Amino acid sequence: MSDINKFSEEFFGTEPHVVMMQRSRDLWELLRDNPIYSNYGRMLSIVGSQGDDDAERLASLVRLTGAGSFHYYPADKADALVAKLNDMGLSAGRWEKQWGGEDAYEAAKTIIANASLPPDLKVVRLSADTDADLVRETAQLSMDCGVMPTPGLSMRGLTYKGICLAAVDATGRPVATASSYKNMHPDSMYADHGFWGALATHPDRRGEKIIGVLGAMALAHMWEEHGVRGFFTAVKKGNTGSMAVCAKQAVLPTEWTAVAATDPNHFGDTALTK
Ligand SMILES: CC(C)(COP(=O)(O)OP(=O)(O)OC[C@H]1O[C@@H](n2cnc3c(N)ncnc32)[C@H](O)[C@@H]1OP(=O)(O)O)[C@@H](O)C(=O)NCCC(=O)NCCS
């Protein structure tokens, strides 16, 4: 418990991102027992379409905290939802949901068995013992790559069951990071699913197959240690690098999307994440 208190204010990002994550943390205390909601430290999410009032429900989350999203939203309904949210004065968009089950775990094991990281790198699993500087620099790397980091409590694996790995070079600088979190309510129909992703490699270390290995390690850990049996991630159409990395891990396109929205009064022009 003392560790949790120690890191409870470790947030990263622009001020709108930090305020949104703090509000989401507080609202989570009210919503966490309801299986339609999910959280791993960034924005709160609603899992699956809940009916005709999807837009109103998401808009409430967004107006209260600054941002919110749907996981597993049917692709054929996503554009209509995005349009309705935009008409309500919010800034909404869709991401394509990629998903992998046992094939993803098998692919991860194959990658780990056949590939290795460049010899100057070591893998650090962030935890309560990790120096605050390394956690901050790992979050900064994510942000520099356009990826929204989670709060320190999540990155250190102290709240939601999860893992954040950093590949650290000989000077102690993190050059790549990958994460996975088990973020569904135990009574959800997706209880044993989890988020996998937040992948980022420093531009001058791309193409060395670092994220392939790191992503595989994170995925295998969650399968083996936390019983995750379905891994999802969300990718913007046209993000070919991310799509390619997902395909290597057998995390493949689906008929689901993620729909996320921000409140322009809170976020202005700041992008939420890649
Ligand atoms: C996407 C990203 C993490 C890839 O990192 P990386 O360390 O260069 O990736 P790897 O070298 O491990 O590549 C893994 C595989 O994906 C392929 N790949 C990587 N980037 C690619 C691209 N832009 N286009 C096509 N294929 C690509 C590689 O060729 C490799 O396949 P191979 O094993 O058959 O050669 C990196 O480009 C990045 O940080 N992008 C910005 C942030 C982002 O978009 N993150 C994803 C959102 S969660």
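Guide: Hi! One term before we start: two strands count as paired if DSSP finds at least two bridges between them. Also, this is a predicted model.

Visitor: Good to know. Which residue in β10 does R94 stand opposite?

Guide: In β10, R94 faces V259. The two strands β4 and β10 pair in the antiparallel sense, over eight bridges.

Visitor: And how many bridges join β10 to β3?

Guide: There are six bridges between β3 and β10, again in the antiparallel sense.

Visitor: Is the pairing of β3 with β2 parallel or antiparallel?

Guide: Parallel: β2, residues 45–47, and β3, residues 67–74, are joined by three bridges. S45 has S69 of β3 as its bridge partner.

Visitor: Let's zoom out. What's the strand order of the sheet?

Guide: The sheet is open, has 10 strands and runs β1-β2-β3-β10-β4-β9-β8-β7-β6-β5, with mixed pairing.

Visitor: Which strands stand at the edges?

Guide: Those are β1 (37–38) and β5 (122–125). Each has a single partner strand, so one side of each has no neighbour in the sheet.

Visitor: What does helix α4 touch on the sheet?

Guide: Helix α4, residues 75–87, packs there against β3, β4 (91–100) and β10 (252–262). The direction of α4 makes about 10° with that of β10.

Visitor: At what angle does α4 pack with α3?

Guide: Helix α3 (residues 54–65) and α4 pack at about 55°, and their axes are 10 Å apart. That angle is why α3 is described as oblique to α4. Their crossing is right-handed.

Visitor: Which residues make that contact?

Guide: From α3 you have D54, A55, L58 and A59, and from α4 there are L81, K84 and L85. By class, that gives five nonpolar and two charged residues, with no polar ones.

Visitor: Switching topic: which residues come nearest to the ligand?

Guide: T201, R206, G212, G241 and A244 come nearest, out of 24 residues around the ligand. The elements giving two or more residues to this shell are β8 (193–201), α8 (210–226) and α9 (240–248).

Visitor: Which element gives the most?

Guide: That's α9, with six residues in the shell around the ligand.

Visitor: Last one: how do the shell residues divide into nonpolar, polar and charged?

Guide: The shell around the ligand has 10 nonpolar residues, nine polar and five charged.

Methods: Residues numbered from 1 in each chain as written. Predicted model: local features only at pLDDT ≥ 70, side-chain atom pairs only at ≥ 80, totals over all residues. Helix = DSSP H or I, 4+ residues; strand = E, 2+ residues; numbered from the N terminus. Contact = placed C-beta atoms within 7 Å. Axes fitted to C-alpha atoms, helices over the stretch in contact; angles between N-to-C directions. Parallel < 35°, antiparallel > 145°, perpendicular 65-115°, else oblique. Left-handed = near helix turned anticlockwise from the far one by under 90°. Nonpolar A, V, L, I, M, F, W, Y, C, P; charged D, E, K, R; others polar. Near = placed C-beta within 6 Å.
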